[in-house]
Amino acid sequence: MKVCGKIISRGEKVKVSLSVSKMFNGSTLEIPIVVINGVKEGPTLCVVGGVHGDEYEGPRAIAEIIKELNPKKLRGTFIGVPVLNVLAYRWGSRVTPEDQKNLARVFPGKRDGTITEKIAYTFTQEIILKSDYIIDLHSGGTDYSYMDMLCYFDVPGEVGRKSLELAQMFPISIIFRSFEKPIGRLIDTAISNGIPSVGTECKGEGRYQESSKNIYTSGIKNVMKKLNMIDGTIEELPQKRIFVDLIEIMSEHEGFLKTKLELGQQVTKGTILGTLIDIFDREICRFKAQTNGIILAIKTKPIVKPGDYVFILGKRIQIRKNWQDKQELD
Ligand SMILES: [Zn+2]
């Protein structure tokens with residue numbers, strides 16, 4: 001197979017570079033990627049981390065899998081991209097410092113766009129469209145604390161059914177629903193091209209957490225076992241799953257967020273989730289739960305700007321029974 005202009009034979013583990021753009025100093029902005037081409041036929045699974053530069057568990061999990069995987073024992077191809085937004089990662093930044101864009105909102109990118117849009121475009125053309133399955137690993141980053149959770153796509157047919165199947169391979173109980181309408185994430189582009197995909201979230205809080213990295217490595221290995229890419233028994237899956245829709249609670253104002261809520265707490269409609277205050281401790285506004293639900297994310301960096309989401313609530317849902325039917329959601 002050929003990736004980023006390099007021919008990779010069966011049984012090889014090769015580092016390649018995705019060229020994005022020329023720079024004024026004569027060098028090229030490149031994304032490092034490892035392709036592990038198994039000795040036997042099978043699907044192509046691409047696992048991506050570092051779409052946001054302040055999320056560290058995905059990159060560490062992918063590096064570990066790359067080290068461990070033996071192409072002689074692999075069926076199919078593993079494409080590992082520890083850090084997709086290398087520009088943001090070196091600053092530990094959510095957005096790309098050069099153009100202040102969020103890589104998870106610009107997919108499928110633009111050939112003649114800004115640097116972030118060009119990363120999305122070249123990655124879509126060279127990697128996403130050559131993959132059979134995609135896993136996109138995220139976290140709460142610098143500003144938020146998240147419950148471990150991951151998404152499946154509520155789209156009819158095989159793509160939806162398989163994306164749920166992938167999601168259920170992770171040792172994570174909370175699974176949230178994503179819809180077909182794209183919002184510029186890497187997995188939106190994958191799904192709209194018929195590629196089953198999942199996106200994951202874990203704690204964040206500006207830190208690297210080994211326990212979340214372990215959940216990710218375990219999930220990736222389970223997916224590979226499910227797809228018959230490696231041998232072994234699927235492990236550590238939770239007994240119960242909670243399916244939810246995400247409800248973001250947005251701030252209309254700037255201020256300092258005060259809250260006593262904990263992740264995982266159940267709240268009822270009307271519960272005061274937190275208060276926004278000014279620098280003299282005067283109340284600006286209160287945030288209320290619009291529905292019964294579970295607290296899935298809290299803005300732990302207390303400085304809030306208008307348009308920031310300050311909490312994410314999980315509202316329980318039933319998943320569709322029939323993946324062929326466009327309407328049925330029970
Ligand atoms: Zn992210």
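**Exercises: the zinc site and its surroundings**

The zinc ion is held at 2.0 to 2.3 Å by His52 (ND1), Glu55 (OE), Glu55 (OE) and His138 (ND1). Donors here are N, O and S atoms within 2.8 Å of the metal (3.2 Å for Na, K and Ca), and water is not among the atoms, so sites may look incomplete. The model is predicted: local features need pLDDT of at least 70, side-chain atom pairs count only at pLDDT 80 or more, and totals for chains, interfaces and linings use all residues. Residues are numbered from 1 along each chain as its sequence is written, and side-chain values use heavy atoms, with hydrogens and water left out.

**Exercise 1.** Classify the arrangement of the four donor atoms around the zinc ion.

*Solution.* Start with the rule: four donors are tetrahedral if all angles lie between 85 and 135 degrees; four are square planar and six octahedral if opposite donors are over 155 degrees apart and all others between 65 and 115; anything else is irregular. Next, take the angles, which run from 57 to 148°. The arrangement is therefore irregular.

**Exercise 2.** Locate Glu55 and His138 in the chain, and decide whether each is buried or exposed.

*Solution.* The donor spacing in sequence is H-x2-E-x82-H. Glu55 lies in the loop between strand 5 (40–48) and helix 1 (57–68), and His138 in the loop between strand 7 (133–137) and strand 8 (144–146), so the pair links distant parts of the chain, 83 residues apart. Helices (H or I, at least four residues) and strands (E, at least two) are DSSP runs, numbered from the N terminus. For accessibility, buried means under 20% relative accessible area, exposed over 50%, and partly exposed in between (1.4 Å probe, protein chains only). Glu55 has 2% and is buried; His138 has 9% and is buried too.

**Exercise 3.** Describe the aromatic pair of Tyr56 and Tyr89.

*Solution.* Rings of Phe, Tyr and Trp (its six-membered ring) pair if their centres lie within 6.5 Å; planes under 30 degrees apart are stacked, over 60 edge-to-face, and the rest tilted. The count by this rule is five aromatic pairs. Tyr56 and Tyr89 are 6.4 Å apart centre to centre with 65° between the planes, an edge-to-face pair. Tyr56 is in the loop between strand 5 and helix 1 and Tyr89 in helix 2 (residues 86–89), so the pair ties together parts 33 residues apart in sequence. Tyr56, at 21%, is partly exposed, as is Tyr89, at 31%.
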